[in-house]
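Please read them with the model open.

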Amino acid sequence: MDFNSITFLLFLLIVVVIYYNLNQRNRLILLLISSFIFYSFWNWKYSSLLIISGLTDYFISKKIFNSVTKRKKLSYLSVSIFINLGLLIYFKYLFFITSNVNYFLENIGSVYNFDIIDIILPFGISFYTFETISYSVDVYRGIIKPEKSFFKYALFVAFFPKLVAGPIQRASEFLPQFEKKISFNNENIKIGIKRILIGLFLKVVFADNIADLVDQTYNLDFNNLSAIDFVTMGYLFGFQIYFDFSAYSSIAIGSAKLLGISLPENFNFPYSSSNPKEFWKKW
């Protein structure tokens, strides 16, 4: 379910209307069910990855917190990191690693090679993987205590506005927002709609049109292109990525705001940075 689709906008409208007519506990259940429905629109089978990642860190964080020795805490944290990074490497980087290993073996004259598995990359796996890891790390460092409510923790992992494209949020910023009842607020609705419209404008008007131009240019014969053409292509591709992520981030923030939930700002004009550290922080 793409953010810039009628399906998503109708889905969001239905969730918001039902949300403000429920009590606090049922709201959490609604948001959790809605998040899995949202993810299942892409591929329901991969919802199991959300469950595996969520259950792993929910229980391991309790083990970390209740362990007496630092060595024991570290061992449980290592399990969390191993499972989460293992899933990420398998689905996102196995094809790349296998292809390059086979290329290396071929160049040294080896007759051996590894079978290349064409794996579908699950949406948002980088975002929710690093969020769950950050949760376990924060528990290990004593920054937060393990969340008692599985509904709240599962929602931290699967909350649909930030599930596919972020922004990544720490549990210490997200979970406390559910401690108090969220009331319908006209200001939140105005801000939410404004951010969604800005995101849609960036996506439809800028990102998609630049993407069409970039695709056409990259299909040309490179032998007929000048240095200026290559530089222009590079800049256009950079702006395409920027507007794409900026648009999705804005829509995510706006969607969450309609539900009375605040997500951190993202994409604070990163291309205006004067050094890599500032760029990373703004991005």
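1. Asp138 counts as buried, because its relative accessibility is 1% and the cut-off for buried is under 20%. Keep in mind that this is a predicted model. Asp138 sits in helix α5. Beyond its neighbours within four places in sequence, Asp138 is in contact with Ile143, Ile144 and Arg170.

2. Helix α5 spans residues 125-140 and packs on helix α6, residues 150-158. The angle between them is about 135°, and their axes are 9 Å apart. α5 is therefore oblique to α6. On the α5 side, Tyr128, Glu131, Thr132 and Tyr135 make the contact. On the α6 side, the contact is made by Tyr153, Phe156 and Val157. By type, the residues of this contact are five nonpolar, one polar and one charged.

3. How many of the nine residues of α6 are buried? Seven are, and the helix is mostly covered. The buried residues are Lys152, Tyr153, Ala154, Leu155, Phe156, Val157 and Ala158. Their cover includes α5, α2 (24-43) and α3 (47-66). It also includes α7 (160-163) and α8 (171-174).

4. Look at the N-terminal end of α6 too. Ser149 caps it. A side-chain oxygen of Ser149 lies 3.4 Å from the backbone nitrogen of Phe151.

5. Leu50 belongs to helix α3. Is Leu50 buried or exposed? Leu50 is buried, since its relative accessible area is 3%. Leaving out neighbours within four places in sequence, Leu50 is in contact with Phe36, Tyr39, Tyr128, Val157, Ala158 and Leu163. Of these, Tyr128 and Val157 also take part in the contact of α5 with α6. Asn223 is another matter: its C-alpha atom is separated from that of Leu50 by 46 Å. Along the chain, Leu50 and Asn223 are 173 residues apart.

6. Now the nonpolar cores. In soluble globular proteins, nonpolar side chains tend to be buried together. The largest nonpolar core here has 58 residues. Which of them touch the most other members? They are Phe8, Leu31, Phe159, Phe160, Leu259 and Ile261.

7. Take Ile261 from that group. Not counting residues up to four places away in sequence, Ile261 touches Tyr19, Leu31, Phe159, Phe174, Gln177, Phe178, Ile182 and Ala256. Another core, of eight residues, lies apart from the largest one. Among its members are Leu202, Ala207, Val214 and Phe267.

Definitions and conventions. Residues numbered from 1 in each chain as written. Predicted model: local features only at pLDDT ≥ 70, side-chain atom pairs only at ≥ 80, totals over all residues. Heavy atoms only, no water. Axes fitted to C-alpha atoms, helices over the stretch in contact; angles between N-to-C directions. Helix = DSSP H or I, 4+ residues; strand = E, 2+ residues; numbered from the N terminus. Parallel < 35°, antiparallel > 145°, perpendicular 65-115°, else oblique. Contact = heavy atoms within 4.5 Å. Nonpolar A, V, L, I, M, F, W, Y, C, P; charged D, E, K, R; others polar. Buried < 20%, exposed > 50% of the residue type's maximum accessible area, 1.4 Å probe, protein only. Core = buried A, V, L, I, M, F, W, Y, C linked by side-chain atoms within 4.5 Å. Polar contact = N/O pair within 3.5 Å; in protein donor to acceptor, adjacent residues only side chain to side chain.
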